[in-house]
Number of protein chains: 4
Amino acid sequence: MSHIRALPSYLVQRFHGWKATTYNDNKAWYRRLAANGQHPRAMVISCCDSRVHVTSIFGADEGEFFIHRNIAGLVPPHNPDGEYHGTSATIEYAVQSLGVAHIVVLGHSNCGGVKGCLDMCSGHAPELLEKTSFVGRWMDILRPGYQRISGLPPELQQPALEREAVLVSLENLMTFPFIKEAVEGDRLTLHGLWTDTGEGGLEQFDPAKGGFVPV
Amino acid sequence: MSHIRALPSYLVQRFHGWKATTYNDNKAWYRRLAANGQHPRAMVISCCDSRVHVTSIFGADEGEFFIHRNIAGLVPPHNPDGEYHGTSATIEYAVQSLGVAHIVVLGHSNCGGVKGCLDMCSGHAPELLEKTSFVGRWMDILRPGYQRISGLPPELQQPALEREAVLVSLENLMTFPFIKEAVEGDRLTLHGLWTDTGEGGLEQFDPAKGGFVPV
Amino acid sequence: MSHIRALPSYLVQRFHGWKATTYNDNKAWYRRLAANGQHPRAMVISCCDSRVHVTSIFGADEGEFFIHRNIAGLVPPHNPDGEYHGTSATIEYAVQSLGVAHIVVLGHSNCGGVKGCLDMCSGHAPELLEKTSFVGRWMDILRPGYQRISGLPPELQQPALEREAVLVSLENLMTFPFIKEAVEGDRLTLHGLWTDTGEGGLEQFDPAKGGFVPV
Amino acid sequence: MSHIRALPSYLVQRFHGWKATTYNDNKAWYRRLAANGQHPRAMVISCCDSRVHVTSIFGADEGEFFIHRNIAGLVPPHNPDGEYHGTSATIEYAVQSLGVAHIVVLGHSNCGGVKGCLDMCSGHAPELLEKTSFVGRWMDILRPGYQRISGLPPELQQPALEREAVLVSLENLMTFPFIKEAVEGDRLTLHGLWTDTGEGGLEQFDPAKGGFVPV
């Protein structure tokens with residue numbers, strides 16, 4: 001492990017600053033969370049993108065959200081084949097072990113993963129089609145969404161596909177038996193959001209309208 | 001999609017509060033990030049646990065960290081078999097598309113995923129051994145770490161395995177050819193951290209000492 | 001150039017120490033900044049004073065702040081007469097070329113430039129009135145601020161004028177057409193700060209209150 | 001001043017962190033600096049570039065360096081015409097009021113200001129030739145340097161001009177009578193440095209060799 005390096009010193013300094021202030025002021029809460037365990041109300045599935053921190057827009061503190069982040073915030077379909085399924089494991093843990101009451105899927109504007117999918121499906125990114133492209137194979141999950149938006153004018157496809165990504169993930173969530181059962185038993189509700197990071201916008205999927213509407 | 005529900009109103013209210021204050025004061029920055037794209041300095045791989053928000057302890061705002069979160073913050077070995085590999089896709093995107101300069105793997109105390117691995121490997125959680133257990137199969141990644149700590153007294157195994165989880169992920173990172181190449185070309189550095197969420201502690205792996213030391 | 005001397009050896013030693021440690025640990029980041037260019041979030045305009053290093057109080061590392069420092073952190077009014085305008089050039093570069101989202105003007109306690117202005121305006125420093133005094137002519141920028149505080153008791157004038165220096169600079173910033181346009185287009189926000197270097201205090205201008213308040 | 005906004009909250013948090021740690025640990029020193037005034041050993045003239053923080057590479061704390069930063073770290077020639085001369089004011093204050101023993105001019109690699117000068121002088125940036133371009137007019141200071149490197153192959157011009165910028169500033173410093181007098185009276189020494197920010201390199205001008213050499 002000789003390739004491991006020391007943490008940049010500015011982060012060390014910031015950590016000590018956090019410890020002396022935020023931690024110190026909230027020590028009782030952090031200790032209780034450590035002693036009694038976490039009881040998050042909701043699971044959030046969102047993108048890794050550095051512009052999308054769900055804790056910011058919802059003013060969430062430690063203990064509140066169980067957060068999974070991957071490229072484009074995608075959920076693959078249920079497939080218990082014994083292989084590594086990181087996303088499926090997070091969902092199983094959130095629902096079966098923690099008993100979260102909500103799963104929120106949060107998409108966003110200017111999503112690089114969605115753009116990759118668009119480029120790949122429209123023939124502009126052959127490198128993403130290769131078997132060895134992890135991003136390409138991951139974005140295959142979104143192909144059903146691409147089918148639904150491929151007839152739109154090009155300039156409307158990216159924002160439309162970002163919202164489809166949320167819907168595909170919500171659809172795939174329901175392929176997990178324990179999700180379906182919890183939803184039907186009213187122990188879990190699902191929510192679909194899309195945020196415009198530049199404009200600070202937030203839309204949610206409204207099943208009555210069949211589309212996304214501003215919150 | 002009739003099972004999708006409206007966002008809880010307390011979150012709607014918090015969002016509007018954030019928009020009127022934080023967003024409004026930082027609109028220029030969010031717009032620039034939207035227009036010019038993200039240029040995060042570091043990727044952070046951490047657990048979904050609601051008690052571990054890396055943006056808090058390092059005072060990081062939007063744009064700074066590209067964050068992947070899964071159960072226990074694990075990285076599987078490189079395996080380009082054409083299947084869905086969510087974690088591998090995040091790493092590929094961070095290194096190949098964004099060119100992050102650091103990957104920080106952040107483990108933590110009282111990790112539920114690590115506890116599951118410990119229970120499973122020591123024979124106390126037969127349900128996690130089933131092929132259909134996504135958490136069990138995901139925690140298989142950590143089995144090499146369990147081998148290294150299984151001789152310890154039981155009460156020391158959990159914190160030791162949490163640190164091993166960081167090391168296993170760091171080892172597996174190096175099995176990705178593009179990581180190895182970037183590390184050896186001095187375009188990327190790797191860092192291993194473990195935080196005690198209750199006590200606000202932070203340790204980093206020190207290769208010279210072969211172990212974790214407080215920062 | 002025979003008057004140029006070798007760097008003091010204590011600085012040479014410190015540089016080699018920095019290179020073997022901080023540089024070495026952060027090489028990947030520094031190289032990426034070199035290869036991909038800087039994308040600083042904010043421009044900071046502050047004093048040259050050796051007691052005021054904005055990177056310290058905000059835990060900022062390389063790449064984060066574009067920093068202009070001059071006597072008292074003053075910004076002159078917009079005056080495109082074809083002469084050398086160092087401060088105006090820095091602002092133009094920051095806003096037009098780098099697209100920073102924030103300009104932070106940082107004043108401070110015990111500011112020697114502000115003291116010079118006070119002495120000059122109150123008749124106690126005739127030498128600063130001479131045409132050949134660069135400091136005197138530079139501090140002329142602050143005369144509108146002096147008008148606003150000259151009625152205060154003498155012992156209150158220095159700290160009041162230090163804060164006025166921040167406000168004069170903020171006012172002058174808005175005389176630059178590209179600043180006004182960016183501010184009104186929500187692509188840029190302006191911030192006024194004053195720090196007490198001895199007590200580690202920090203105040204910001206609050207337009208609702210019409211004055212400076214502790215952060 | 002209704003256009004002034006609140007400081008981003010992540011900076012507020014970092015400040016409080018700094019105050020609780022670094023400030024608190026060094027309070028005695030900061031208070032002494034406030035009470036007794038600054039006595040910096042050296043003035044540093046460097047670029048605003050966010051990749052060039054002289055306090056980092058020389059491990060300098062509060063009180064040590066009086067730092068002026070402008071585009072490309074340029075010093076214009078002595079010209080006491082009664083107009084605003086920000087850079088000249090900083091030099092006058094450093095030498096005449098503070099009595100610094102050294103002035104260090106620090107140039108750097110990938111300097112955007114120097115690139116602008118190169119583009120302008122070689123006819124590739126007509127917009128910088130306009131009277132209203134503050135950056136263009138500021139970079140006029142470097143025209144004598146451009147004359148000396150314009151015969152080099154294009155790929156060598158940028159790094160050569162970055163070093164010429166240091167030399168032009170050092171030459172211009174000597175046009176200030178109080179600098180010349182202090183240098184000749186051995187009360188002040190001048191130093192020329194150039195740093196490669198990506199490689200962590202540092203060179204100094206060696207008058208014996210007539211060029212820059214690694215320190």
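Predicted model: local features only at pLDDT ≥ 70, side-chain atom pairs only at ≥ 80, totals over all residues.
**Interfaces of chain A with chains B and C**

A salt bridge links C:E64 to A:R14, with the closest N and O atoms 3.3 Å apart. Across the interface of chain A and chain C, 1 salt bridge is found. By class, the side of chain A that touches chain C comprises 3 nonpolar and 2 charged residues, with no polar ones. Between these two chains, 3 residue pairs are in polar contact, both residues of each pair having pLDDT 80 or more.

The contact between chain A and chain C involves 5 residues of chain A and 6 residues of chain C. On the side of chain A, the residues that lose the most area to chain C are A:R5, A:Y10 and A:R14, which together account for 64% of what that side buries. The area buried between chain A and chain C is about 570 Å², and carbon and sulfur atoms give 40% of this area.

Chain A also meets chain B, in a contact formed by 99 residues from chain A and 97 residues from chain B. About 8900 Å² is buried between chain B and chain A, with 64% of this area on carbon and sulfur atoms. The two chains are joined by 6 salt bridges. A salt bridge is formed by B:D186 with A:R5, where the closest N and O atoms lie 4.0 Å apart. Polar contacts between chain B and chain A number 46 residue pairs, with both residues at pLDDT 80 or more. Helix α1 of chain B (residues 9-36) gives the most to the side of chain B that touches chain A, contributing 12 residues. By class, that side of chain B has 43 nonpolar, 34 polar and 20 charged residues.

Notes: Residues numbered from 1 in each chain as written. Chains lettered and ligands numbered in written order. Heavy atoms only, no water. Contact = heavy atoms within 4.5 Å. Buried area = accessible area lost by both parts, 1.4 Å probe. Salt bridge = Lys/Arg side-chain N within 4 Å of Asp/Glu carboxyl O. Polar contact = N/O pair within 3.5 Å; in protein donor to acceptor, adjacent residues only side chain to side chain. Nonpolar A, V, L, I, M, F, W, Y, C, P; charged D, E, K, R; others polar. Helix = DSSP H or I, 4+ residues; strand = E, 2+ residues; numbered from the N terminus.
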